[in-house]
Amino acid sequence: ADPKDLKPNPEQPKPYLTGISVLQKELKSELVPNHLPSLNLKYWENFFSFSFSSIGYTLGKKNRFRYRLNPFDQEWIDAGDRRFANYTNVPSGDYQFEVQVANNEEIWSEHQLSIPVHIGTAWYATTWFLGLLGLFMIALIYTIYRYRINQTVKEERIKANFEKRLMEVEMNALRAQMNPHFLFNCLNSIERYIIINDTKRASEYLNNFARLIRLILQNSRSNYIPLSDEIEALDLYLQMESMRFRGKFDYEIKVQNGLKPSNIDIPPMLFQPFVENAIWHGLMHKKDGESRCVLINLFRDNGHLIGQIEDNGIGRERAQIIKQQRATKGKKSVGMQITRDRIKMINQLYNFNTSLKIIDLKNEDGKAIGTKVEIKIPI
C-alpha cells in the first residue's frame, strides 16, 4: 500500500474509572461507578489510589494516560501505559482527580475523567477546636500569671513576717540587754535604802520599780503602744535613776500643748536607750557641783511626732575618750545601735520615714556643752 494512502487514527478514546483503593483496601465495585459524584474521605484516609482504563477500538493497548490531583499536583503526570495513580499523605481539603487518554498516535482525547475528592479535617485542626485551644491557652496563661502573682504576694508576705519577727527579736534583745543591768542596780538601791533605814525612800523606790516593771511587761506584748505609756515609763525610769544618784541630776518631760499622747502610737522603748545614755555617758562624768539636766521635749510638726532628748553633759567626744581609757565596752552604745536598727526595720516594714539625728551641742568657743538626740516619727 502506498504510505500516502494511510490516514491518521481519528478515534478519541474515553477514559473511565476501574477501581479505588483507600488505605490499600479496594472499595466495593458498586461504590465505583464510571462517573463517581465525589470521593469523601476521613482525614486519616489520605492514602489512596485510582485505577483507570479507556474505551478505544483501534489499538487500544497502545493508549497513553496522564493524570493529576488538582491542585495537589501542579502539572500533569505522564503515566505512559500505566493505568493507576497512587497518592500518600494528602493534606485535608478539596481536590479534583483528572485523567486524560491519548490514542496510539498520541493525540489527546477531548474526553476527560474528573472526580471530586474531599479529605476531611482532623478534629484537632478544626476551627472550633483551635478556638477552644486558644481559649484554653489564654486561661492557662492567666492561671500561670495569677499563680506567679500569688506566689510573689506570698513571698512578700513571708518576707514581711520574717522582718517583723526579726524586729521583735531585736526588740527582745534590747530588753534582755537593759533589764538585767537595770534590775540589778534597782535592787541594790532598794537594799541600800533598807540598810540605812530609810524606809520611806525604800518604799517609794520599790513602788516605782514595781510600776515600771509592770509597764515593761505590758508594753513588751505589743509592737506599738500609746505615747502616754512611753511617757509614764520614761518618768518612772528617770525618777528611779534620780533617786539612785541621790538627785545629782534634774529632768523634765515637756509635752506640746494640744498634743494627745494617748492618741499617738509609737514603738515601745524608743526613747529610753538615749535617755539612759545621756545620764550614764553625758551627765555622770561631770564634776560634783556642776549642773546636770536631761530635757525630753515632745511635739508635733508637719504630720510627725518629734522627740528630743537633750542633756548638758560632757559631749560624745569626751565620753568616748573616757570609755577608751577605762577599756570597757559601752553597754548603751550597743543599745543605741539596736535602736537604730529597729528604726531602719520599721521604715522597711511599714514604709515609714522615721529618722534619727544626733547633734553635738557646743558653745561659741567650740566647747562641748551637751548632746541632743532627735527622733522623727510619722503619725
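Entry 1: I am working from a predicted model.

**Entry 2: the cores.** I started with the largest nonpolar core, and it has 41 residues. I listed the residues with the most contacts inside it: Leu212, Leu227, Phe271, Val275, Ile279, Ile296 and Ile309. The largest share, 9 residues, comes from H3.

I then picked Ile279 and left aside its neighbours within four places in sequence. Ile279 is in contact with Tyr237, Leu238, Glu241, Phe245, Phe249, Met284 and Val294.

Entry 3: I traced an open sheet of 5 strands. The order is E11-E13-E14-E16-E15, and the pairing is mixed. Which strands stand at the edges? They are E11 (250-255) and E15 (355-362). Each has a single partner strand, so one side of each is left without a neighbour in the sheet. From one strand to the next, the twist averages 15 degrees.

I went through two of the pairings. E13 and E14 run antiparallel and are joined by 8 bridges. Asn297 has Gln308 in E14 as its bridge partner. E15 and E16 also pair in the antiparallel sense, over 8 bridges. There, Ile359 stands opposite Lys372 in E16. E15 and E16 form a hairpin with 5 residues between them. In its turn, Gly366 has a positive phi of about 85 degrees.

**Entry 4: Asp301.** I looked at Asp301, which lies in strand E13. Asp301 counts as partly exposed, at 41% relative accessibility. I also noted its separation from Ile377: 76 residues apart in sequence and 9.9 Å apart in space, C-alpha to C-alpha.

**Entry 5: Glu276, buried or exposed?** Glu276 lies in helix H4. At 2% relative accessibility, Glu276 counts as buried. I looked for a polar partner and found Gln272: a polar contact of 2.8 Å joins the two side chains.

**Entry 6: cysteines.** I counted disulfides and got 0. Cys186 is buried, with a relative accessible area of 0%. Cys293 counts as partly exposed, at 29% relative accessibility.

Entry 7: I kept the general rule in mind: most residues other than glycine have a negative phi, and most peptide bonds are trans. Which bond is cis? The one that joins Asn70 and Pro71, with omega about 10 degrees. Pro71 is found in the loop between strand E5 (64-70) and strand E6 (77-80).

Leu23 has a phi of about 55 degrees. Leu23 lies in the loop between strand E1 (14-22) and strand E2 (25-26). It is partly exposed, with a relative accessible area of 38%. Arg246 has a positive phi of about 55 degrees. Arg246 lies in the loop between H3 and E11. Its relative accessible area is 62%, and Arg246 is exposed.

Technical notes
Residues numbered from 1 in each chain as written. Predicted model: local features only at pLDDT ≥ 70, side-chain atom pairs only at ≥ 80, totals over all residues. Heavy atoms only, no water. Core = buried A, V, L, I, M, F, W, Y, C linked by side-chain atoms within 4.5 Å. Buried < 20%, exposed > 50% of the residue type's maximum accessible area, 1.4 Å probe, protein only. Helix = DSSP H or I, 4+ residues; strand = E, 2+ residues; numbered from the N terminus. Contact = heavy atoms within 4.5 Å. Pairing = 2+ DSSP bridges. Axes fitted to C-alpha atoms, helices over the stretch in contact; angles between N-to-C directions. Disulfide = S-S within 2.5 Å. Polar contact = N/O pair within 3.5 Å; in protein donor to acceptor, adjacent residues only side chain to side chain.
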